[in-house]
Amino acid sequence: MKKAQYHELNSNSLQLHIHPLISFILGAAMATACILLYISANPGSNPSAGSNPNPLELSANWTGSSKPDSVDQGVTGEIKEEVLQMEAKEAASTGQGPNTTSQFITTSPAPQAYDPYKELVEVLKKAANEDNTVILTQINEAFAKPGSLLDLFLESFHAGENIERLLNHLVMVTMDQNAYDRCKSLHPHCYFMRTEGVYYNNEKTFMSKDYLDMMWGRNKFQLTILELGFNFLFTDVDVLWFRDPFRHISLAAHLAISSDVFLGDPDSVSNFPNGGFLYAKSCNKTIEFYRFWQEGRERFAGRNEQEVFNAIKSEAVSQMKVRFQFLDTAYCGGFCQLSKDLNKICTLHANCCVGLGNKIPDLRGALDDWKNFTTKSYDERRWGNFHWRVPGICIH
């Protein structure tokens, strides 16, 4: 009996020792199975790498449709920024084109060169006709005031024969802010020609220093227009327009200019020119002549641009081969040599007349005479022997 009890005690003791071992073995097996199962489900993971994510794997995931749920969002943003910086530096050093993250790299546009004639060219383009021709006039505050020359000038286009359309091609060059503001209130094509340290807002005494500077500045501005590639017909603002003068300008002429006194031959340099109404064609020959004309200011010191033109016209024709046309005063006339036939007249210039106080009354009277003429029938205009009312202050 004692022997049986001994065997029973030994059996119970063995069971006590075996049970913990089996539990350990089973626990280890289950842990190993879980690890293998996790690795098989996550083939890209690396248990030996710890908790730090792989930047290359993250970069690949940004271009795909998803990223690992276990990656912290804050850490993802920092790593993304680092990768972008690395890629940008690599692209800059290799000179290669952008990669998938190039949309994050921006460059500043190259600076634009300053163009002093940009505004002028824009105005000219808007006003130019199909062959790049514009009509130019120049005004200051004194000329632009209500009731002054500008009002008479514009009124003549509306009273003339089918010439309102020409206003679409007229550019008013203004010499001061007040003239510019008045222009903008009346007309779409205005350009402010700014001059530093010189003020041209009031009337300048004929042949004074300011007058000469203004006239020579106008001449230089006309050269600029030609150099920019535009033809122009320049008209003083004290010119009344009744009919289209372009039909009397020769296509062969480099420059067509009005005459104080016309002697009958449009090609003769014996005619007495007036620069207050002239057409210039943009070509090398005309530009060369204008530069020569500008140089004449030093050769003939103290003279205005019209006097210098008269002095150099023969030289320009004989040596430079410039083709001038001197306009017939029957069509493009003025107070110096008054056209008597209202059936022919296209423009009337208040030349040989100094001062606004003298010009305005005579131009007003001439415009009224024209309006009276246009109210008559064709036969009355043809045979009625209409003429200007003379004498006036300057007109005779």
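Reader: In this predicted model, which residues point one way from β1, and which the other way?

Author: In a regular strand, side chains alternate between the two faces of the sheet. Here Thr133, Ile135, Thr137 and Ile139 point one way from β1, while Val134, Leu136 and Gln138 point the other way. All of these residues are buried.

Reader: How many residues of β1 are buried?

Author: Strand β1 spans residues 133–139, and seven of its seven residues are buried, so that the strand is mostly covered; buried here means under 20% relative accessible area.

Reader: Which strands are joined to β1 by bridges, and do they run parallel or antiparallel to β1?

Author: Strands of a sheet pair through backbone hydrogen bonds, either parallel or antiparallel. Five bridges link β1 with β2, residues 170–174, and these two strands run parallel. Within β2, Val173 stands opposite Gln138. Four bridges link β1 with β4, residues 231–235, again in parallel. Val134 has Phe232 of β4 as its bridge partner.

Reader: In what order do the strands form the sheet?

Author: The order is β3-β2-β1-β4-β7-β6-β8, which gives an open sheet of seven strands with mixed pairing. The edges are held by β3 (190–192) and β8 (324–326); each has a single partner strand, and therefore one side of each is left without a neighbour in the sheet. On average, neighbouring strands of this sheet are turned by 30° against each other, direction ignored.

Reader: Where in the sheet may I find an antiparallel pair?

Author: Please consider β4 and β7, the latter covering residues 272–280: four bridges join these strands, which run antiparallel. Leu233 has Tyr279 in β7 as its bridge partner.

Reader: Which strands does helix α8 touch?

Author: Helix α8, residues 209–227, packs on the sheet and touches β1, β2, β3, β4 and β7. The direction of α8 makes about 155° with that of β4. Helix α9, residues 284–299, lies across β4, β6, β7 and β8, and runs at about 140° to β7.

Reader: Is Leu263 buried or exposed?

Author: Leu263 has a relative accessible area of 54%, and residues over 50% count as exposed, so Leu263 is exposed. Leu263 lies in the loop between β6 and β7.

Reader: Which residues form a nonpolar patch on the surface with Leu263?

Author: Val261 and Phe272 form this patch together with Leu263. The three have about 260 Å² of accessible area together.

Terms used: Residues numbered from 1 in each chain as written. Predicted model: local features only at pLDDT ≥ 70, side-chain atom pairs only at ≥ 80, totals over all residues. Heavy atoms only, no water. Buried < 20%, exposed > 50% of the residue type's maximum accessible area, 1.4 Å probe, protein only. Pairing = 2+ DSSP bridges. Axes fitted to C-alpha atoms, helices over the stretch in contact; angles between N-to-C directions. Contact = heavy atoms within 4.5 Å. Patch = residues over 30% accessible without salt bridge, like charges linked within 9 Å, V, L, I, M, F, W, Y side chains within 5 Å. Areas by Shrake-Rupley, 256 points an atom, 1.4 Å probe, with all protein chains shown as cover. Salt bridge = Lys/Arg side-chain N within 4 Å of Asp/Glu carboxyl O.
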